[in-house]
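Trainee: I would like a close look at a single part of this protein. Please take me through it step by step, and then show me what lies around it.

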Amino acid sequence: MHPCVVVLVEKFSGGITKSNSRKGSLNRKLTVQQLFLGNGNSKESTNVFHEILCQLNDEKVGPPHFFVHSAGTGGTISSVGRYVKKYLIPTEVVLADSEFSIYYDYVVNQRFKREGGEPYWVSPGMAGTGFGYSGPAMHGKTTSLQPSVIDLAFKVPDLASTAAMHFLKKIGISGGTSTGLNFITALSLAAQRRTNSSNNDNDKLRIVVLLADSSTPYEDTYFNFSWISEKFHSHGGIPLLKCWERAIEHSYKHGGDPLKRGSLKCKRSFSDRYRRRHVPL
Ligand SMILES: Cc1ncc(COP(=O)(O)O)c(C=O)c1O
């Protein structure tokens, strides 16, 4: 197991306190501890990150070093980013982007503000996440993703995210598309930023990712091998899905970056790609 804590938080666990009249009344000088010290501030926000800090605080653990999430509309991760910046919380906000989405380039390279990603989009993508087939990304108009509150971004092959969904299910965590994408990003980040292995939870690297929806809506698609064979045929199909799953399992058990390992080991051969392109099936 990784010498770090990866905490999967269910997005709408029912523990989020509804905001009341005190919303927005905190001033930026409050420390993280003060956010929870009985002055009514626990009701400050319906923000999911507030809930995360509450849960970690209950376990006497400080804020996470990283918060990892993918973007559909971009609303969730941007609201977390604004919260983190507003209260000067020492957490880096990390975007996990799907393979053919334009969000990575929108955030990192300020691209796709005027042009759309339609020419680059390849189906099926990771449902509910990414942006690629509906024109330019314009904050406040076509997307809620706010690049200024994102600290880091990762780009993940769709078959790798799908393999992560399968791996998680094997270890008893039934998550959907963004959960897979978030999880493999967190493993990669952990491998890159791992610190000393200590028994004290507060010394460990802490990465929080969201378990946004369950696996149930995806039983006929991302968990169905016939569907994967057909939809991810051009990505390498089942053999590469299995290869990615092995890379993830290796990373989970022994450390190491699953994205690095998978990109070395899970490549379609040139002849395979050539055959697919030139010989009609
Ligand atoms: C499964 C899943 N994960 C993540 C997201 C992203 O949330 P947001 O739209 O706030 O970016 C969505 C959006 O619908 C989703 O369906």
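What span should the 18 residues of helix 7 (residues 237-254) have at 1.5 Å a residue, and how far apart are its end C-alpha atoms?

Mentor: Keep in mind that this is a predicted model. Now take helix 7. At 1.5 Å a residue, its 18 residues should span 26 Å. The end C-alpha atoms of helix 7 are 26 Å apart, so the two values agree.

Next, see which residues of helix 7 are buried. They are Leu240, Leu241, Cys243, Trp244, Glu245, Ala247, Ile248, Ser251 and Tyr252. Look at the numbering with one rule in mind. An α-helix has 3.6 residues a turn, so residues three or four places apart point the same way.

Then look just past the end of helix 7. Gly255 follows there, with a positive phi of about 85°.

Now step back to the whole chain. The protein has nine helices and five strands. From the N terminus on, the order of elements is β-α-β-α-β-α-β-α-α-β-α-α-α-α. Of the 281 residues, 42% count as buried. Consider contacts with a separation of 6 or more. In the protein, 70% of these join residues 24 or more positions apart.

Start with helix 5 (177-193). Helix 5 has 17 residues. From first C-alpha to last, helix 5 reaches 24 Å, close to the 24 Å expected at 1.5 Å a residue. Helix 5 is also mostly covered, with 14 of its 17 residues buried.

How do helix 4 (residues 158-170) and helix 5 meet? Their axes come within 7 Å and cross at roughly 95°. That angle makes helix 4 roughly perpendicular to helix 5. On the helix 4 side, the contact has Ala160, Ser161, Thr162, Ala164, Met165 and Leu168. On the helix 5 side, it has Thr177, Thr179, Gly180, Leu181, Phe183 and Ile184. By class, that contact holds seven nonpolar, five polar and no charged residues.

Between helix 4 and helix 5 runs a loop, and Ile173 is found in it. Is Ile173 buried, exposed or in between? Ile173 has 16 other C-beta atoms within 10 Å, so it is partly exposed. Now compare sequence with space. Ile173 and Leu211 are 38 residues apart in sequence, yet 9.0 Å apart in space, C-alpha to C-alpha.

Go on to Ala212. It lies in the loop between strand 5 (205-211) and helix 6 (225-231). Ala212 has 23 other C-beta atoms within 10 Å, so it is buried. Ala212 and Ser178 are 34 residues apart in sequence. In space, their C-alpha atoms are 6.6 Å apart.

Ser178 leads us to the ligand. The ligand is surrounded by 15 residues, and the closest are Gly72, Thr73, Thr76, Gly128 and Ser178. Helix 2 (75-86) and helix 5 each supply at least two residues of this shell. Helix 2 gives the most, with three residues. By class, the shell has three nonpolar, eleven polar and one charged residues.

Finish with some backbone details. Most residues other than glycine have a negative phi, and most peptide bonds are trans. Here are the exceptions to look up.

Lys60 is not a glycine, but it has a positive phi of about 60°. Find Lys60 in the loop between helix 1 (48-58) and strand 2 (66-69). Lys60 is exposed, because it has 8 other C-beta atoms within 10 Å.

Gln110 is also not a glycine, and its phi is positive, near 50°. Gln110 sits in the loop between helix 3 and strand 4. With 9 C-beta neighbours inside 10 Å, Gln110 counts as exposed.

A cis peptide bond joins Ser123 and Pro124, with omega about 5°.

Terms used
Residues are numbered from 1 along each chain as its sequence is written. This is a predicted model: local features need pLDDT of at least 70, side-chain atom pairs count only at pLDDT 80 or more; totals for chains, interfaces and linings use all residues. A residue is near a molecule or strand if its C-beta atom, placed from the backbone, lies within 6 Å of it. Helices (H or I, at least four residues) and strands (E, at least two) are DSSP runs, numbered from the N terminus. Ala, Val, Leu, Ile, Met, Phe, Trp, Tyr, Cys and Pro count as nonpolar, Asp, Glu, Lys and Arg as charged, and the others, Gly among them, as polar. A residue is buried if 20 or more other C-beta atoms lie within 10 Å of its own, exposed if 12 or fewer, and partly exposed in between; C-beta atoms are placed from the backbone. Axes are lines fitted to C-alpha atoms, for helices over the stretch in contact, and angles run from 0 to 180 degrees between N-to-C directions. Angles under 35 degrees count as roughly parallel, over 145 as roughly antiparallel, 65 to 115 as roughly perpendicular and the rest as oblique. Two residues are in contact if their C-beta atoms, placed from the backbone, lie within 7 Å. The expected span of a helix is 1.5 Å times one less than its number of residues.
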